[in-house]
Amino acid sequence: MAKYGIDIPSARFLTFEGGEGVGKSTQVKRLAARLSEQDIPVVRTREPGGTPKAEAIRSFILQGKPESWGVGAEAVLFAAARLDHVNGLIAPALEDGKWVICDRFADSTRAYQGLTGGVEDGLIDALEDLALNGQRPDLTLILDMNPEVAFERVRQRALDDGMPAIADRFEKEDIEFHRRLREGFLTIAKDNPDRCVVLSADQDEGALAADIWQVVTQRFPELVPEEEPA
Ligand code: T5A
């Protein structure tokens, strides 16, 4: 029983998607904190990663090692990490009645490796069926903004953290790839209107968090406090 004296729905699975630097990690943390305030048990996780084996695959991929194998192999590696993450963390947490909030999930493979990278739909569909093992998100929040503005955020963060090499990398990124990526996420949203909601990420953190909370409480109305009787 939660704070407002009503049964909180168990086993909700929410994912955040979008391009780099749009504010996913920031909003995942804020939403998890807000749900925890309502005494809802929340598990916060990320992809690639979330379990030791999936984190090992994350290090391998993000160091750029599979690049020479091609984008198809990259899609397979992301799916292998996801399968372990689903079986080792997501499914058990949902079975325990917890809410799971994941920073990136299968839509990232479809957007990056599929719609933008050129891996054919059939392979993306097959990898998704294998890795998800039936665990589809209840709600996916797609944070959308101009990639140039998002890059500036990431570049500034790298400079603030004293990592000029990362800031340089973002200056050299292929902006056209990221424009297509943005379109890829919007296509996914259009193809999955029951699951996906697109939100403008080009606003301050608090305003975006308020928009997200509105979507979440609309989707799961049992979260909203009951009206006082008149
Ligand atoms: N990938 C991943 C694939 O290709 N296929 C897959 O299947 C999967 C799962 C993951 C990489 O792997 C790829 C995609 C990626 O290239 P990552 O490190 O997890 O790498 O990359 P991102 O998810 O893009 O992480 P970022 O940290 O770069 O972006 P976020 O999480 O969207 O942004 P966040 O919250 O960290 O914020 C970035 C900066 O902006 C500030 C923050 O303080 C921070 O400094 N900020 C804001 N500033 C102004 N206004 C706001 N509203 C702000 N919100 C945050």
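This is a predicted model: local features need pLDDT of at least 70, side-chain atom pairs count only at pLDDT 80 or more; totals for chains, interfaces and linings use all residues.
Local features need pLDDT of at least 70 and side-chain atom pairs count only at pLDDT 80 or more, whereas totals for chains, interfaces and linings use all residues. Residues are numbered from 1 along each chain as its sequence is written, and side-chain values use heavy atoms, with hydrogens and water left out.

Helices (H or I, at least four residues) and strands (E, at least two) are DSSP runs, numbered from the N terminus. Strand 2, which spans residues 42-46, pairs in the parallel sense with strand 3 (residues 99-103) over 5 bridges, where pairing requires that DSSP finds at least two bridges between two strands. Within this pairing, C102 of strand 3 is the bridge partner of T45.

The ligand has 23 residues around it, of which E20, K24, S25, T26 and T109 come nearest; a residue counts as near if one of its heavy atoms lies within 4 Å. By class, this shell has 5 nonpolar, 8 polar and 10 charged residues, with Ala, Val, Leu, Ile, Met, Phe, Trp, Tyr, Cys and Pro taken as nonpolar, Asp, Glu, Lys and Arg as charged, and the others, Gly among them, as polar. Helix 4 gives the most to the shell, with 4 residues. An oxygen atom of the ligand is 2.9 Å from an N or O atom in the side chain of Q113, and a nitrogen atom of the ligand is 3.2 Å from an N or O atom in the side chain of R153.

The structure holds 5 aromatic pairs, defined by rings of Phe, Tyr and Trp (its six-membered ring) whose centres lie within 6.5 Å, with planes under 30 degrees apart counted as stacked, over 60 as edge-to-face and the rest as tilted. F13 and F105 form an edge-to-face pair, at 5.1 Å centre to centre and 80° between the planes. This pair links distant parts of the chain, 92 residues apart, with F13 in strand 1 (residues 13-18) and F105 in the loop between strand 3 and helix 4. Both F13 and F105 are buried. The pair of F60 and W69 is tilted, at 5.6 Å centre to centre and 55° between the planes; F60 counts as partly exposed because its relative accessibility is 26%, and W69, with a relative accessible area of 53%, is exposed. Ring pairs also link Y112, F177 and F185 into a cluster.

How values were computed: A polar contact is a pair of N or O atoms within 3.5 Å; within protein, one must be able to donate a hydrogen and the other to accept it, and residues adjacent in sequence count only if both atoms are side-chain atoms. Buried means under 20% relative accessible area, exposed over 50%, partly exposed in between (1.4 Å probe, protein chains only).
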